[in-house]
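Subject: Structure handover

Hello,

Here is the structure I promised to pass on.

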Amino acid sequence: MRDNDAALVKAFRQSSPYVNLHRGSTFVVMLGGEAIAQENFPNIISDIALLTSLGVRLVIVFGARPQIDRGLVEAGLEGVFHKHTRVTDEASFRVIKDVCGGLQMDIMARLSMGLINTPMQNARINVVTGNFVIAQPLGVDEGVDYMHSGRVRRIHTDTIHHQLANGGTVLISPIGFSVTGESFNLSSEELARRLAIELKADKLIGFCSQRGVLSEEGVAIAELFPEQAEEALQRLLAEGDTMSGTARYLRAAISSCRAGVPRSHLVSYREDGALIQELFTRDGLGTQIVSQSAEQARQARIDDIGGILDLIRPLEEEGILVRRSREQLEMEVDQFTIIEKDGAIIGCGALYPFPEEGMAEMACVAIHPDYRRGSRGDMLLNKVEDQAKKRGLTRLFILTTRSIHWFQERGFAPVDVSALPMGKQKLYNYQRRSKIMMKDLV
């Protein structure tokens, strides 16, 4: 198999768990006006079409901030803001309605395309719009009348779910309607946040100019809890960044996660394929704000046997691990701790206690090659050490042929065979000549 073909097969296999995971899920996608204005926007639309073909239920909320600003300038009007919220007078609102109406038509047209040799070929996307959002005026604040700027009062969630269940993709404009027949200009980020919460969406997805939230080194931070995202938001605000896509989205994502939306993703609108890489690869390409980590260590179950076998077989074939049969694993599965990420097992280790001697063996330690540069080994070791301590054991030992220095750096010291429990001494394989290392648990 050629290298390119092998890479394609590997990528396809790695993406398949996410295809199954996302099918039938509800995503709220927030398309800011900045994303719509980008040259990459047709590719984003194609990727959204791909999501619908894979069975994802989509609600798309679009914004129009830069388009509105440009429309106001062309109309000779000045944009007025109070506390970073647009003040919408009658003249401005006429421009805003024209701009949002035009963008809605443009997005619907793009979602209706069937271009040959693109993900849109033969796509049959049923785009649905309507008065799903009931709005009310923001009112007056510190003497400033927001006039036609409003907030969400109520969302017809049952109607939206009905459209999604019938295969529709729901497109929602940042214009809301009141029970008195008025219309109001809404914040697209606030609208997307409310939709994600009230629809009990599985994900809220937004776009920004960079690869999500960046570290001090300029690298995208893969995962943040709401508290960490709040710190990142405060840093942006301290730097004077109050209106960027990243800052506005973080507010919505933090609130959504705290209200029960499991994951919110922030990806680049400049980079082709960023959305697909974020959703269908293990490490993603942007930042996700999560209420619970996508990666966690837990005790193995019987239905994890297949994943454990897939992980350890290559190491067994190289002679790094002692071969274990499926039957043996099934009998010993309760001894195993695994590291799971998005349903895939990326690490494992077993604890075999020798209670008479107050010792335990850590065995069958394996980390997926793609994750060996991180801290998964330490996560696994800490979990196994905690289990040994809870059983009242005072020493932990390992037998290894390759990872001697790694264990030494974590407090293990070389010992002789005679230091092992008697039952383990009898099973020691002198032909493998594994190094024996032991650590006191304090």
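I start with a loop close to the end of my list. Arg 433 sits in the loop between helix H15 and strand E23 (435–440). Its phi is positive, about 55°, although Arg 433 is not a glycine. Most residues other than glycine have a negative phi. Arg 433 has a relative accessible area of 67%, so it counts as exposed.

Lys 200 is another case. This residue is not a glycine either, and its phi is positive at about 55°. Lys 200 belongs to the loop between H7 and strand E13 (203–208). Its relative accessibility is 71%, which makes Lys 200 exposed.

Keep in mind that this is a predicted model.

Overall picture

The chain has 442 residues, and 48% of them are buried. Its secondary structure comes to 15 helices and 23 strands. The C-alpha trace spans about 90 × 50 × 40 Å along its principal axes. The chain exposes about 21,800 Å², with carbon and sulfur atoms supplying 48% of that area. Take the contacts between residues at least 6 apart in sequence: 70% of them join residues at least 24 apart.

Annotated domain

UniProt, in an unreviewed entry, places the feature "domain: N-acetyltransferase" at residues 295–442. Over residues 295–442 the chain is 31% helix and 30% strand. The end C-alpha atoms of that stretch are 27 Å apart.

Glu 295 is part of strand E17 (residues 295–299). Is Glu 295 buried or exposed? It is buried, because its relative accessible area of 14% falls under the 20% cut-off. What does Glu 295 touch, not counting residues up to four places away in sequence? The list is Glu 223, Ile 339, Glu 340, Lys 341, Ile 346, Arg 376 and Met 379. Ile 339 is 44 residues from Glu 295 along the chain, yet their C-alpha atoms are separated by 6.9 Å.

Largest pocket

The largest pocket holds about 1,100 Å³ of space. It is lined by 40 residues, and the closest to its centre are Leu 321, Ala 363, Cys 364, Val 365 and Leu 399. E20 has the largest share of the lining, with 7 residues. By class, the lining of the largest pocket has 20 nonpolar, 9 polar and 11 charged residues.

Second largest pocket

About 750 Å³ of space lies in the second largest pocket. Its lining has 31 residues. Which of them are the closest to its centre? They are Arg 65, His 84, Thr 85, Ser 187 and Glu 189. At least two lining residues each come from helix H4 (65–74), strand E4 (85–87), strand E9 (150–155), helix H7 (188–198) and helix H9 (245–258). H7 gives the most, with 5 residues. By class, this lining has 12 nonpolar, 9 polar and 10 charged residues.

Cavities

How many cavities of 30 Å³ or more does a search of the whole structure find? The search finds 2. The second largest cavity contains about 30 Å³ of space. Among the residues that line it are Asn 40, Asn 43, Ile 44, Asp 47, Phe 207 and Ser 268. The lining of this cavity also includes Glu 271, Asp 272, Gly 273, Ala 274 and Leu 275. Helix H3 (41–53) and helix H10 (274–280) each supply at least two of the lining residues. The largest share, 3 residues, comes from H3. By class, the lining of the second largest cavity has 4 nonpolar, 4 polar and 3 charged residues.

A buried serine

One last residue. Ser 25 lies in the loop between helix H1 (3–22) and strand E1 (26–31). Its relative accessible area is 9%, so Ser 25 is buried. Leaving aside neighbours within four places in sequence, Ser 25 is in contact with Gly 55, Val 56, Arg 57 and Asp 202.

Best wishes

Methods: Residues are numbered from 1 along each chain as its sequence is written. This is a predicted model: local features need pLDDT of at least 70, side-chain atom pairs count only at pLDDT 80 or more; totals for chains, interfaces and linings use all residues. Side-chain values use heavy atoms; hydrogens and water are left out. Helices (H or I, at least four residues) and strands (E, at least two) are DSSP runs, numbered from the N terminus. Buried means under 20% relative accessible area, exposed over 50%, partly exposed in between (1.4 Å probe, protein chains only). Contact means heavy atoms within 4.5 Å. On a 1 Å grid over the protein atoms alone, a cavity is a set of points where a 1.4 Å probe fits but cannot get out, and a pocket is an open set with protein on both sides within 12 Å along at least five of seven lines; lining residues have an atom within 4 Å of a point. Grid points are joined across faces, edges and corners, and a volume is the space filled by probe spheres set on the points. Ala, Val, Leu, Ile, Met, Phe, Trp, Tyr, Cys and Pro count as nonpolar, Asp, Glu, Lys and Arg as charged, and the others, Gly among them, as polar. UniProt positions are given in the numbering used here, feature names are shortened, and annotations may be inferred rather than shown by experiment. Accessible areas come from the Shrake-Rupley method with a 1.4 Å probe; for residues, only the protein chains shown count as cover.
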